[in-house]
Amino acid sequence: APPQTNNGAQNINERTFDYVIVGGGLTGLVVANRLSEDKDRTVLVIENGYINDDISTQVPSFANSINSRLMYDIQSAPDANTGGKIYPVYVGNVVGGGSVVNGMAFDRASAADYDAWALLGNIGWDWNSLLPYFKKSTTFTPPTASNVQEFGTTYDASYYGTNGPIQASFPNFEYQDTKNIWAAFKAAGVPLPKEHAAGTAVGAFWIPTSLEPKTQTRSSAKNAYYDPIKSRSNLVLSTGRKVNEILFEESQLPFVAPKANGVRYVSRSDGSTGKVYAKREVILAAGAVFTPQLLQLSGIGPRDILNAASIKVKKDLSSVGANMQDHPNANLVFDLRNMAKVNVFSGQDPSYNATAWSEYETKRTGPITQAHGSSLAFLSLNTLSTKAAQIVATLTSQNILSYLPAIYNRDQSLLRGILKQREIIAGLHASLNAAVGEIPMAPFGLAINSLQRPLSRGSINIDPKNKNGNPIVQFNTFSNPVDRQILVEMVRWTRKHWARKELAMYQPVEVSPGAQYQTDDEIIGALIAQKGLGASFAHMSGTCSMMPELLGGCVGSDLAVYGVKQLSVVDASIVPLIPATHLQATMYAVAEKAADLIKARNAGAVNTGGVVTNAVAGVTNAVANTANNVVTSVFSLFKWWR
Ligand SMILES: Cc1cc2nc3c(=O)[nH]c(=O)nc-3n(C[C@H](O)[C@H](O)[C@H](O)COP(=O)(O)OP(=O)(O)OC[C@H]3O[C@@H](n4cnc5c(N)ncnc54)[C@H](O)[C@@H]3O)c2cc1C
């Protein structure tokens, strides 16, 4: 009989479902919702965290701080290129995952960023194919007329959905100083797209927040994708349980791939373990940090890493844990005078703080409705630097291998993949249609410069000394000198921005790193010394990349893991080339598309053979791929052999 309740503590041991989803974070809950729309399919989600609906996850202004209570306690390994520093690794540990603890910025990258995924051989993963899923996941509410009139907010609702689960709307408040920041960006001559979500996210633009417009509270995968359907009798969410191994049915015959048929988990409350089985697919949605760990724990990963941890190799796959990307950043600080009466620091005054809370509680207006604000700038390299052509020339001619982790020297597929990525990155860096750096248009003195398309690659691997503990997260930030150079160019652009006459009324003084630091080395050195560099924007991705296996991919465009059967990945691990945007809106679209792919291939009776279905999918893909180049489609067909 189908499960009757969604009580997180219920007994799931030894039960069988059609689908077992590992991780009830952002993508896991989207996929669970869509797969359980079919009453004939049973779905289990196993999530390490618990349900949390407290105020800390609801109120937008709280999204400005790290909600460490609901996050994993995990740090990176030290990074040589950033002064041997250890960085926090931000991952939500709660039902809804990152969508419950994130900063609520809800934006997309430019069309070119997503088209780059298709150029890497991923059929059906270009801007035009993703746009319907961006729409399907959202309901858009325009800013109020008074907001438009006073701040000049622009938008085009036709690029959003009208009845999708996630609410994309605007806070009922903007800081007055925002107008001056906008004036400075406009005067600098940057592009001003009316709607960034049209695939035109280059320049200065307005973005919505993942925000319920009526209540002015967070819209998350938990309250938008799970709560409304949690009573479905074919869906079970099991919380407080950590999956530590994927189970496989191994064939006695040679050359027949192992078939994933369940998972083993351990309960956080009493340490008890259990097993649960999947008839159709095990779907990994544990996020870009824990999905590669789980794959490696289960025997899918780089042979050397598995051997060192005494794990039997089921599939030697170097891409598991490689190609890790994030948005590293420099955080400059300017001391400003004459800010408007109500500003970001006003809450430090207890009396104003009380007024603001009372306004929020009674009218749902005022600064408490605001998370990170609604104005972002994503600038092209040509806008940010006069050295753009020289930087692109350097990156195309450099010996990229000398800046990559050792595994790229040993694995020809990874090497081919990064060379293909470099070719694409060079094109995007040279283009006016893709951004290379983000500068959030903050109406106060924190000036963040975030690199959007690094060439450096990090890694995530199990710790051979404690394989079930936290994985080793190595960001390798700025291992490639081109990344470092672009970041320094951004710092210089930011200095010019704060020196503009439109901002002169604030009499800005650069406090960090300090105007006395001028050369590249001085700027980076001072930022390191002053703890002004960050390795992560909590946008970890790429650790089980979607690419042809011969380009160092981990899953194909059907999101199925190479070399095994009935195992797919739907989370941020699959992002092959990090887009120039905050990640959540993209991950909602990816998960919506993933659910459609999984539904379609499981429309019939349970597939016992596997190979035939895969071959048919391969042919369909190849036909759909006429627009792509031949080499790409040939690569995709190698999935037949998985
Ligand atoms: C602090 C923070 C701020 C952010 N700010 C923004 C922002 O402002 N805008 C934006 O667009 N994006 C933002 N992001 C990024 C965005 O939220 C993530 O990209 C997104 O959540 C990734 O979705 P996911 O499904 O891949 O992983 P997650 O949402 O992280 O979900 C993974 C889930 O798997 C669970 N899990 C992991 N391992 C196991 C296991 N072994 N067994 C069972 N469960 C497991 C985790 O507990 C988690 O719930 C932010 C993220 C964070 C953490």
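The model is predicted: local features need pLDDT of at least 70, side-chain atom pairs count only at pLDDT 80 or more, and totals for chains, interfaces and linings use all residues. Residues are numbered from 1 along each chain as its sequence is written, and side-chain values use heavy atoms, with hydrogens and water left out.

**Ligand shell**

- The ligand has 36 residues around it, and Thr 27, Glu 47, Tyr 72, Gly 98 and Gln 584 come nearest. A residue counts as near if one of its heavy atoms lies within 4 Å.
- By class, the shell holds 17 nonpolar, 15 polar and 4 charged residues. Ala, Val, Leu, Ile, Met, Phe, Trp, Tyr, Cys and Pro count as nonpolar; Asp, Glu, Lys and Arg as charged; the others, Gly among them, as polar.
- Helix 1 (26-35), helix 3 (98-101), strand 9 (241-249) and helix 9 (287-297) each give at least two shell residues. Helices (H or I, at least four residues) and strands (E, at least two) are DSSP runs, numbered from the N terminus.

- A side-chain N or O atom of Glu 47 sits 2.6 Å from a ligand oxygen. Polar contacts here are pairs of N or O atoms within 3.5 Å.
- The backbone also takes part: an N or O atom of Leu 26 is 3.1 Å from a ligand oxygen, and a polar backbone atom of Gly 92 is 3.4 Å from a ligand oxygen.
- Alone, the ligand exposes 1,000 Å², and the protein buries 94% of that. Areas come from the Shrake-Rupley method with a 1.4 Å probe.

**Helix 7 and helix 16**

- The axes of helix 7 (residues 178-187) and helix 16 (residues 481-498) come within 10 Å and cross at roughly 115°. Axes are lines fitted to C-alpha atoms over the stretch in contact, with angles from 0 to 180 degrees between N-to-C directions.
- Ile 181, Ala 184 and Phe 185 of helix 7 meet Trp 493, His 497 and Trp 498 of helix 16. Contact means heavy atoms within 4.5 Å.
- This contact has 5 nonpolar, 1 polar and no charged residues.

**Backbone features**

- The Ser 512 to Pro 513 peptide bond is cis, with omega near 0°. Pro 513 lies in the loop between strand 20 (509-512) and helix 17 (520-529).
- Lys 531 is not a glycine, yet has a positive phi of about 55°.

Technical notes. Polar contact = N/O pair within 3.5 Å; in protein donor to acceptor, adjacent residues only side chain to side chain.
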